[in-house]
Protein chains: 2
Amino acid sequence: MFYTAESVEQLAEHFSQLPGIGKKTAHRLALFVLKMDRPSVDALAAALIAVKEKVRYCSICSNITETDPCAICSSSKRDRTLICVVQEPNDVLAVEKTNEFRGLYHVLGGALSPLDGIGPDDLRIKELLERIGAGGVDEVILAMNPNVEGEATTLYVSRLIKPLGMRVTRIARGLPVGSDLEFADEATLSRALEGRVAV
Amino acid sequence: MFYTAESVEQLAEHFSQLPGIGKKTAHRLALFVLKMDRPSVDALAAALIAVKEKVRYCSICSNITETDPCAICSSSKRDRTLICVVQEPNDVLAVEKTNEFRGLYHVLGGALSPLDGIGPDDLRIKELLERIGAGGVDEVILAMNPNVEGEATTLYVSRLIKPLGMRVTRIARGLPVGSDLEFADEATLSRALEGRVAV
């Protein structure tokens, strides 16, 4: 395209490789960068590099962190007898936001998905078993995504942990707060019935 | 937020300053960058800086370019008697894509908008008049956005150019191709009636 600047096209090309950003948005972002002042652009570029340079995975829970072990694993205020197993670092954030959980985490780094070629060896399941094997854990909470891959992972992991003799739980599946029973899908409603609790 | 890496938060903060990117998307992008390989992140960061370093505005038409004058202004294949006036560099791209226009451009850098404090002195209107004053221009096509600010700019610019004795035209407002007359808004339909042409 000779009717615009080459480096704008190149930046748009890079932006369009990010998730959820199409060609038009990428182009709009590139032109926006052109209008930003130089220090802001430098700061954005530096922040990109900093993420790759500073962020590592916690050697205990595999969550993202800048210090190893991470702030949660090294905190004295957390309940070390409780481990919540999640798929991604983002999920840790989601659980933390509830302010309900005071235990530790274990990030698997994904879910079992044979179609995508993701097997047990691609997840940090071995590391989870080693943590549990070291003792001191009373309960493992499995908090996978409520879809096919998450279900498969929940079943697989629970079968490995149960023989070790501790409580293994999963987070409840049911109607989301604020939703409408009338519009709930069959799968969700049947899980909600299955998981009913005494009032 | 102590439960995630500081530099991820910082990158998300930077991303959320881009147009159309909210807090959640910014966070998702930051985590995606974390998963990208190092060379890709370096390339993205370099592309950001390159845009600010290499791109300038053409001294003739004010379009974005890496060479001054830009490829269009310095091309021997373009019709120099015809100038299409647009608001933004993006608009040049849009007109070029039609493959219908072989003249030159003039980018105003916005539209008159008293509410936003944008007056005639903030646009490159003086430069346009100088270009026309230098002679050799037969027709000026005004291709502003069909909204209030664009209309005001069209009227303002046309009043300045008309006394100079050349043809001043504006692009047609009417029904978009592929649309439905039934669903056209009144303003568009009345412009389409006004602008009717002989069959």
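Lys and Arg count here as positive and Asp and Glu as negative, while His and the chain ends are not counted. The place of a charge is NZ of Lys, CZ of Arg, CG of Asp or CD of Glu. The model on screen is predicted: local features need pLDDT of at least 70, side-chain atom pairs count only at pLDDT 80 or more, and totals for chains, interfaces and linings use all residues. Residues are numbered from 1 along each chain as its sequence is written, chains are lettered from A and ligands numbered from 1 in the order in which they are written, and side-chain values use heavy atoms, with hydrogens and water left out.

**Stop 1: chain A as a whole**

Select chain A and colour the charged side chains. There are 23 positive and 27 negative ones, and the centres of the two sets lie 3 Å apart.

Switch to a cartoon. Chain A has seven helices and six strands; helices (H or I, at least four residues) and strands (E, at least two) are DSSP runs, numbered from the N terminus. Along the sequence their order is α-α-α-β-β-β-α-β-α-β-α-β-α.

Now show the C-alpha trace of chain A, which spans about 65 × 45 × 35 Å along its principal axes. The radius of gyration of chain A is 22 Å, whereas a compact globule of 199 residues would have one near 16 Å. That radius is taken over C-alpha atoms, and the globule rule is 2.2 Å times the number of residues to the power 0.38.

Of the 199 residues of chain A, 41% count as buried; buried means under 20% relative accessible area, exposed over 50%, and partly exposed in between (1.4 Å probe, protein chains only).

Among contacts (heavy atoms within 4.5 Å) in chain A between residues at least 6 apart in sequence, 44% join residues at least 24 apart.

**Stop 2: backbone exceptions**

Most residues other than glycine have a negative phi, and most peptide bonds are trans. The next selections depart from this.

Select Asp68(A) and Pro69(A): the peptide bond from the former to the latter is cis, with omega near 0°. Pro69(A) sits in the loop between β2 (64-65) and β3 (79-86) of chain A. Then select the counterpart in chain B, where the bond from Asp68(B) to Pro69(B) is cis, again with omega near 0°. Pro69(B) is in the loop between β2 (64-65) and β3 (79-86) of chain B.

Go to Ser62(A), in the loop between β1 (56-57) and β2 of chain A. Its phi is positive, about 70°, although Ser62(A) is not a glycine. Ser62(A) is buried, because its relative accessible area is 6%.

Continue to Asn99(A), in the loop between α4 (89-98) and β4 (103-107) of chain A. Phi of Asn99(A) is also positive, near 60°. Asn99(A) counts as exposed, because its relative accessibility is 62%.

**Stop 3: how the two chains are related**

Show both chains. Two copies of a chain are related by a rotation about an axis and a shift along it. Chain B superposes on chain A by a rotation of 180° with 0.0 Å of shift along the axis (RMSD 0.1 Å). The two copies are therefore related as by a two-fold rotation axis. The superposition is by least squares on the C-alpha atoms of residues with pLDDT of at least 70 in both.

To find the axis, select Ala45(B): of the residues of chain B, its C-alpha comes closest, at 2.2 Å. The copies meet through the same surface, because 100% of the interface residues of chain B are also interface residues in chain A.

**Stop 4: Ser7(B)**

Select Ser7(B), in helix α1 (residues 6-15) of chain B. Which residues does Ser7(B) touch, not counting residues up to four places away in sequence? They are Ala50(A), Val51(A), Lys54(A), Val55(A) and Glu66(A). Ser7(B) is buried, with a relative accessible area of 2%. Draw a distance to Gly103(B), 96 residues apart along the chain: the two C-alpha atoms are separated by 48 Å.

**Stop 5**

Asn147(B) lies in the loop between β5 (139-142) and α6 of chain B, and counts as partly exposed at 33% relative accessibility.

Finish at Thr154(B), within helix α6 (residues 148-161) of chain B. Thr154(B) is buried at 6% relative accessible area. Not counting residues up to four places away in sequence, Thr154(B) touches Leu142(B), Met144(B) and Arg170(B).
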